[in-house]
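Welcome, and take a moment to look over the sequence and the fold. The report below walks through them step by step.

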Amino acid sequence: MTNIRGAATARRAARPHAGGLRPVRRRSLPLSALVAAGAAAALAVPAGATSSPTVVKAVETDFHIALSKNTFSPGKYTFVAQNKGQVTHSLEITGPGLSNAKAKNISPGHATKLTVTFKKGAYDVFCPVPGHKMLGMNVNIVVGGASTTSSGGGTTTTSHSGGYGY
């Protein structure tokens, strides 16, 4: 029985080449080396990294924003803003690495989506309709840190026992 690989090599060596040089034969990597390289690449992906964003529900009423999530880690998020109020609202997010992260106006009874990628830091989630943020439609979140805080509209009253405010 003839060695097929040896015969092919002999045929290549017998052919004339431009300049009298034989082409360099490339060696392929063994399958085990390819598998090891693929495993190394898979390990390079950060733990918990996903291709699809985390969905956060943002219910907007007159005049408050309630988020379905109160702790955030760096990554991609899709905010589903639902207007359950009686007037038009919207949703905007400002913070590290974000520019123009603003949803379209949302009519009462409708919803829209806004997808952002958070880095570690402080962010502001609010309604950009003039005056709405000051009326309480503002949520401050810290990505990679503490829970969210929501600013409420109206007045804050503090009472002290003893009657003198000490």
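Is Lys133 buried, exposed or partly exposed? Lys133 is partly exposed, with a relative accessible area of 34%; buried means under 20% relative accessible area, exposed over 50%, and partly exposed in between (1.4 Å probe, protein chains only). This is a predicted model, in which local features need pLDDT of at least 70 and side-chain atom pairs count only at pLDDT 80 or more, while totals for chains, interfaces and linings use all residues. Residues are numbered from 1 along each chain as its sequence is written, and side-chain values use heavy atoms, leaving out hydrogens and water.

**The overall layout**

The protein has two helices and eight strands, arranged along the sequence as α-α-β-β-β-β-β-β-β-β. Here helices (H or I, at least four residues) and strands (E, at least two) are DSSP runs, numbered from the N terminus. Of the 166 residues, 25% count as buried. The protein exposes about 11500 Å², and carbon and sulfur atoms supply 56% of that area, with areas taken from the Shrake-Rupley method and a 1.4 Å probe. Among contacts (heavy atoms within 4.5 Å) between residues at least 6 apart in sequence, 53% join residues at least 24 apart.

**Strands side by side**

An open sheet of four strands runs in the order E2-E1-E3-E5, with mixed pairing. Its edge strands, E2 (64–67) and E5 (111–118), each pair on one side only. Two strands pair if DSSP finds at least two bridges between them. Strand E3 (residues 75–83) and E5 run antiparallel and are joined by eight bridges; in E5, Val116 is the bridge partner of Tyr77.

| Strands | Sense | Bridges |
|---|---|---|
| E3 and E5 | antiparallel | eight bridges |
| E4 and E6 | antiparallel | three bridges |
| E6 and E7 | antiparallel | six bridges |

**Around Asp124 and Thr94**

E6 is mostly covered, as five of its six residues are buried. Asp124 is buried, with a relative accessible area of 13%. In E6, Asp124 is the bridge partner of Thr94, and in E7, the bridge partner of Asp124 is Asn140. Thr94 lies in strand E4 (residues 92–94) and counts as partly exposed at 31% relative accessibility. Leaving aside residues up to four places away in sequence, Thr94 touches Ala122, Tyr123, Asp124 and Phe126. The C-alpha atoms of Thr94 and Tyr123 are separated by 5.6 Å, although these residues are 29 apart along the chain.

Which residue meets the side chain of Lys133 in a salt bridge? The partner is Asp124, at 2.7 Å from N to O. A salt bridge is a side-chain nitrogen of Lys or Arg within 4 Å of a carboxyl oxygen of Asp or Glu, and by this rule the count comes to one. Side chains of opposite charge can pair when their charged atoms come close.

**The nonpolar core**

A nonpolar core is a set of buried Ala, Val, Leu, Ile, Met, Phe, Trp, Tyr and Cys residues joined through side-chain atoms within 4.5 Å. The largest one has 24 residues, of which Leu67, Phe72, Phe79, Leu91, Ile93, Phe118 and Ile141 touch the most other members. Strand E1 (54–61), E2, E3, E5, strand E6 (121–126) and strand E7 (138–143) each supply at least two residues of this core. In soluble globular proteins, nonpolar side chains tend to be buried together.
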